[in-house]
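Me: I am new to this structure and would like to learn how to read it feature by feature. Could you take me through it slowly, giving the general idea before each case?

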Amino acid sequence: MTSAPPPPSLSRAQRRRERSPEHAAPSRFIPHVQGLRAIAVLFVVLYHFWPGRLSGGYVGVDIFFVISGFLITAHLARELATSGRVDLGQFWARRARRLLPASLLVLLFCAIVAALPFLTPTSAMPAEVREIVASTFYVENWYLAFNSADYLALSGDPTTVQHYWSLSLEEQFYVIWPLIMLLAAWISVKFFRGSRLRAAAIAIGVVSVASFIFCVIFTMTDPAPAYFVTLGRIWQFGVGALLALVPRLRVNNAVLSFVLGWAGVLALLYTAFTFDGQTVFPGYMALLPTLGAAAVIAASNTERWWYPTRLLAIRPMRFTGDISYSLYLWHWPLIVIAPSVPFWGLTIYHRVALLCICFVLAWLTKRFIEDPMRSWKPLTSRRPRVTLWASLGAMALVAAVAAGGWAANAPAYQQGVQAIQDVRENPPVCFGAASILDESCAGEGPDTILPAPGFAGADSPDEPQCFIQLNDSRPVSCEFGSDDPDAPRVALVGDSHAYQLLGTFQAIADREGWHLTTYFKGACPWNTTPLATAGSFGAACTDWREGIDAELAASEFDVVFTSAISNTPYSSAGYDSSFDGAVAGYRQAWSTMTDRGIPVVTIVDNPGWETDPNKCLRSRDASECSSPRAERLPANDPIRDAAEGAAGVTLLDFTDVYCDDETCFPVVGGANIYRDQDHLTVTFANTLTPQFTAALEAAIADGVG
């Protein structure tokens with residue numbers, strides 16, 4: 001598996017250089033492929049900066065996969081055709097020198113930032129450290145897959161290194177790809193006396209077809225992990241690889257090259273602007289950006305300036321392609337960190353400035369880290385294992401820095417846990433909603449922020465097993481409170497905005513002697529109108545609703561409480577608008593209870609923020625973190641319209657607690673309202689206990705009549 005030795009007349013150092021691809025004959029540089037890199041990285045970066053403007057920009061990662069498959073396979077094929085072998089040690093060492101220096105630099109930066117409480121909330125430290133370590137050893141994609149992270153959800157608080165999932169997948173590709181090609185070549189020569197490259201092409205074709213089938217099936221059944229799993233992405237590398245192994249797939253005819261190239265560019269633009277977080281992806285939908293990228297690569301004719309092969313090779317595109325790796329590395333951590341930086345705003349000007357900073361950092365990293373390390377003589381003049389051991393040592397160092405940051409912040413983390421427990425058990429007088437709703441408080445509350453902005457993210461319900469997500473459609477129920485068969489029975493039903501009230505309702509049930517049953521599914525309100533979300537997630541929501549409807553029908557509750565986020569996308573089929581569909585769906589769902597004499601209590605949704613307000617609160621006064629009411633509240637909440645005039649339905653509306661006539665606040669009466677951009681802290685929800693209790697008691701007493 002190593003290349004043939006050079007002539008003995010050469011010195012040992014010369015022999016090592018001769019074996020190293022760093023000093024081998026240069027591979028063919030294809031300028032328009034570098035321009036395609038620019039398209040890929042710009043798609044991803046602009047998607048992360050302005051997801052609403054380029055909703056499908058995440059397909060840039062798919063373009064990178066095709067490019068990597070093409071370039072790496074072409075390199076391996078040249079070596080295999082020339083020597084009949086591939087020097088695996090040199091290949092992996094070269095990849096390490098190419099990729100690890102910049103990657104580990106950014107990871108080191110993220111590890112240091114994670115240890116600074118004013119930039120990273122203390123509650124986020126465990127997740128940051130785990131993902132930094134996973135990214136350092138290039139298993140981040142598997143970590144996210146096993147934790148069912150939804151990369152396209154655009155909500156919550158992703159870590160600074162979540163984007164390393166694609167780099168992890170590429171590194172795994174670099175490990176397994178030459179092994180597949182070598183195995184195929186060996187079998188071909190050993191048993192069939194055939195062509196090594198033809199055998200490699202056949203093997204890659206078979207692997208790619210199997211990977212694509214797996215990808216389609218897995219995306220339909222479990223889309224969140226399917227996005228990250230290596231087995232479901234290999235086929236995209238394979239498409240690029242086949243372009244390298246089968247020369248006939250590359251088109252040099254002027255007309256065909258022109259048509260093919262522009263068709264590929266248009267396909268990529270179409271996916272970038274029309275795909276979004278609701279697109280069933282990757283699955284079969286990934287064919288469009290994958291084949292689009294392949295078409296651009298395959299178009300080889302460069303005769304006219306208006307051909308895509310020429311336009312993609314212009315200097316700005318080649319420059320962006322040159323820095324694409326470092327630009328990809330830097331942009332996401334800066335986006336995550338920027339809102340926590342004192343005096344850094346979220347205006348369009350700040351975003352453009354941050355984008356420029358990303359480009360500058362990418363160029364500096366390319367100029368002073370990537371390029372020098374690729375040909376650094378202390379590594380290139382020695383055996384490959386020196387590079388590999390040095391890489392492992394550097395990776396261990398980054399992991400150690402991340403672990404050291406956690407060790408330094410662990411006491412503060414434990415203090416935060418205790419502080420949340422203390423404020424739940426013994427809240428101050430006139431705390432939270434009481435400062436507005438209790439007349440004796442006269443709008444005055446404690447001069448505190450509890451939980452602390454650095455720990456609000458951890459102030460969530462403690463029963464994750466009761467909250468199902470993604471494609472799970474099981475009608476999971478949890479039971480709390482009194483076991484007395486005569487105890488009043490309360491059901492709490494809905495999406496994550498119902499789940500956020502679980503801790504509060506548990507305490508109410510325990511104190512009042514009630515029995516509480518819960519049914520929660522993320523992004524799936526209790527409503528009979530189907531979601532606008534296509535594919536398996538929408539189907540899972542429908543199945544879950546049918547399941548809980550059956551559970552509710554078979555149970556005798558005294559009252560049902562439900563809550564939901566206001567911006568859930570509903571189907572408009574059969575209605576004038578999706579809003580009308582949502583209103584009708586709520587009324588129909590609630591009527592299954594009220595028609596049986598079981599009252600329903602519901603609540604107008606709380607405001608949602610553009611980003612977690614705790615990022616602002618960690619470095620600024622609470623008065624500087626407020627926001628105009630018109631920007632935080634939706635124009636219409638379908639729950640409000642559905643409850644209006646509905647018999648047996650009680651509507652609670654605490655909008656005036658969150659906001660005054662013009663402004664919404666992140667802190668009310670010393671209570672930190674939000675744990676992320678739209679979910680309440682349990683601490684704040686607890687301050688609404690008197691109102692929840694009174695509404696439930698009245699509903700139980702009055703019934704539907």
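Reply: Let us begin with strand pairing: two strands pair if DSSP finds at least two bridges between them, and helices (H or I, at least four residues) and strands (E, at least two) are themselves DSSP runs, numbered from the N terminus. In this structure Gly-494 stands opposite Ser-563 in S5, while in S4 the bridge partner of Gly-494 is Phe-520. This is a predicted model, in which local features need pLDDT of at least 70 and side-chain atom pairs count only at pLDDT 80 or more, whereas totals for chains, interfaces and linings use all residues. Residues are numbered from 1 along each chain as its sequence is written, and side-chain values use heavy atoms, with hydrogens and water left out.

Me: How many bridges join S3 to strand S5 (residues 559–563)?

Reply: There are 5 bridges between S3 and S5, and these strands run parallel. S3 also pairs in the parallel sense with strand S4 (residues 515–521), over 6 bridges.

Me: How should I read a nonpolar core, and which residues have the most contacts inside the largest one?

Reply: In soluble globular proteins, nonpolar side chains tend to be buried together. A nonpolar core is a set of buried Ala, Val, Leu, Ile, Met, Phe, Trp, Tyr and Cys residues joined through side-chain atoms within 4.5 Å. The largest one here has 106 residues, and Leu-36, Ile-63 and Trp-165 have the most contacts inside it. Helix H3 (residues 60–83) gives the most to this core, with 12 residues. If contact is taken as heavy atoms within 4.5 Å, and neighbours within four places in sequence are left aside, Leu-36 touches Ile-63, Ile-67, Leu-268, Ala-293, Val-296, Ile-297 and Leu-312. A second, separate core has 43 residues, including Ala-509, Tyr-658, Cys-659 and Leu-688.

Me: Which residues make the nonpolar surface patch?

Reply: Patches are made of residues with over 30% relative accessible area and no salt bridge, where like charges are joined within 9 Å and nonpolar side chains (Val, Leu, Ile, Met, Phe, Trp, Tyr) within 5 Å. Accessible areas come from the Shrake-Rupley method with a 1.4 Å probe, and for residues only the protein chains shown count as cover. Leu-183, Trp-186, Ile-187, Phe-191 and Phe-192 make a nonpolar patch of about 590 Å². Among them, Trp-186 is placed in helix H7 (residues 164–192) and is partly exposed, with a relative accessible area of 49%.

Me: How many salt bridges does the structure hold?

Reply: A salt bridge is a side-chain nitrogen of Lys or Arg within 4 Å of a carboxyl oxygen of Asp or Glu, and the structure holds 15 of them. In one of these, Asp-371 joins Arg-374, with the closest N and O atoms 3.6 Å apart. Both residues lie in helix H16 (residues 348–374), 3 residues apart, which is about one turn of the helix. Lys-366, Asp-371 and Arg-374 are linked in a network of salt bridges.

Me: Where do Asp-462 and Arg-424 lie, and why does their pair tie parts of the structure together?

Reply: Asp-462 forms a salt bridge with Arg-424, the closest N and O atoms being 3.5 Å apart. Asp-462 lies in the loop between helix H19 (434–437) and strand S1 (467–468), and Arg-424 in helix H18 (residues 384–425), so the pair ties together parts that are 38 residues apart in sequence. Asp-462 is exposed at 55% relative accessible area, whereas Arg-424 is partly exposed at 25%.

Me: What should I look for in the backbone?

Reply: Most residues other than glycine have a negative phi, and most peptide bonds are trans. Here the peptide bond from Phe-281 to Pro-282 is cis, with omega near 5°, and the bond from Leu-450 to Pro-451 is cis, with omega near -5°. Cys-430 has a positive phi near 55°; this residue sits in the loop between H18 and H19 and is buried, at 17% relative accessible area.

Notes:
Buried means under 20% relative accessible area, exposed over 50%, partly exposed in between (1.4 Å probe, protein chains only).
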